[in-house]
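Here is a short report for a reader new to this structure. Look over the sequence and the fold, then read on.

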Amino acid sequence: MPQKSFLIAVIYLLSAFYLPFVAYAENAKLEVWRFGLEEIEGSVQDIYAQEFKKRIEEKTQGRVLVDIYSYGMLGESEDLTTLTSIGTLQLTHASVGIIGSLIPQMQVFNIPYLFSANDAHNQSVLSENPAIYTEIGNALIDQNMRLLTLYLEGDMVWTTNKAIRRPGDFDDFRMRVMNSPLVVETFQQYGAETIPLPYSQVYGALQAHIVDGQSNPIFAIEEMKFYEVTDYLIWAGQSKFVTSVIANQPWYLTLSNENKQVLNDTIKEMSNFIFKQQNDLNKSRLKMIQETKPDVILIRLSNHQKNAFRKLAQPIKAQFLKQTGSQGERLLSALEKAFASKK
Ligand code: 6CS
């Protein structure tokens, strides 16, 4: 993974190439939209970006080109957010477990057991609920960025080197977590020791027994090979992987009306597309894991077992409200209502 100095060199290089290209692009009325991914080729975010590129380039008849930068080309998730806030990238994915450390309001989606059991409903709340786009949208604008959409990438599944069925099983257990305070606090409430690590270091940390487990959707567990270095896949029903697509706000504001419309329409259409894709991908990747490693042990917690974790996670809501004040209160109450409207 690139080090900071390498990343800075890449930014300078991009800027150096960018200026002449803009001049050429202006003559030819071409625009290039750079889109960053926190995941590798073949991932949910890659599927999203490839389809987005296809639709945008078709609709603008090639006047807009979308350049996709997969995970690793420009650094870690936090680097992609920085590059978007300064305008080197026009668009990026930013998953809530990571951007939550910069935008605390985003952590609402990390509150355990918040979502409805109906994922189609969850997806439509994520793409349309006005409170999200007001409260989180405003927090992002303060950081020079614009929230375009949010979507589901799958259930969070724990991959561990021991069976976990009750909170006591987390004693003497080191859990790799994404760096968002609420994610860290949740696993601490369960009794685990938490170790925040970048995505690229998780495989090595599991292999070297620096951590005993981690949490991610099945498609990621397969493509990052986390299942090779753990024995159990555990569905605790605690949370879902949610990502956002964000844009550089000054760039968005200077788009022509026509391009803004194309962008907004495409983002809206992509919600149903990606919902189906992530569902299919998570199913097919689970099969792949089971075929490659037939002795992997699958554990699905019963409602009774989930309740023990749910109970321990109760203080997390208060922590969220403490970190986000009245903005967070409006957001949480709107989302609790929205998710509860379909069980
Ligand atoms: O665990 C992580 O850090 C990452 N997981 C996924 C599925 N996407 C991006 C994120 O950085």
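Is Y113 buried or exposed? Y113 counts as buried, because its relative accessibility is 15%; buried means under 20% relative accessible area, exposed over 50%, and partly exposed in between, with a 1.4 Å probe and protein chains only.

This is a predicted model, in which local features need pLDDT of at least 70 and side-chain atom pairs count only at pLDDT 80 or more, while totals for chains, interfaces and linings use all residues. Residues are numbered from 1 along each chain as its sequence is written, and side-chain values use heavy atoms, with hydrogens and water left out.

**Two loop residues**

Y113 lies in the loop between α4 (96-99) and α5. Helices (H or I, at least four residues) and strands (E, at least two) are DSSP runs, numbered from the N terminus. The phi of Y113 is near 55°, a positive value in a residue other than glycine. Most residues other than glycine have a negative phi. Q61 also has a positive phi, near 50°. Q61 is placed in the loop between α2 (44-59) and β2 (64-69). Q61 counts as exposed, because its relative accessibility is 71%.

**The ligand site**

The ligand sits in the second largest cavity. On a 1 Å grid over the protein atoms alone, a cavity is a set of points where a 1.4 Å probe fits but cannot get out. A molecule sits in one if more than half of its atoms lie within 2 Å of its grid points. Among the residues around the ligand are E38, E39, Y199 and F241; a residue is near a molecule if one of its heavy atoms lies within 4 Å of it. By class, this shell has six nonpolar, three polar and three charged residues. Here Ala, Val, Leu, Ile, Met, Phe, Trp, Tyr, Cys and Pro count as nonpolar, Asp, Glu, Lys and Arg as charged, and the others, Gly among them, as polar.

| Side chain | Ligand atom | Distance |
|---|---|---|
| S77 | oxygen | 3.4 Å |
| R176 | oxygen | 2.8 Å |
| N216 | nitrogen | 2.9 Å |

Taken alone, the ligand exposes 300 Å², and the protein buries 100% of that. Accessible areas come from the Shrake-Rupley method with a 1.4 Å probe; for residues, only the protein chains shown count as cover.

**Helices**

S77 is one of the buried residues of α3, as are D79 and L80. Seven of the nine residues of helix α3 (residues 77-85) are buried, so it is largely enclosed by the rest of the structure. Just after α3, G87 takes a positive phi of about 90°.

Q123 belongs to helix α5 (residues 119-128). Q123 counts as buried, because its relative accessibility is 3%. Its side chain makes a polar contact of 3.0 Å with the side chain of S271. A polar contact is a pair of N or O atoms within 3.5 Å; within protein, one must be able to donate a hydrogen and the other to accept it, and residues adjacent in sequence count only if both atoms are side-chain atoms.

D280 is found in helix α11 (residues 257-292). D280 counts as partly exposed, at 35% relative accessibility. A polar contact of 2.6 Å joins its side chain to that of K276.

Key
On a 1 Å grid over the protein atoms alone, a cavity is a set of points where a 1.4 Å probe fits but cannot get out, and a pocket is an open set with protein on both sides within 12 Å along at least five of seven lines; lining residues have an atom within 4 Å of a point.
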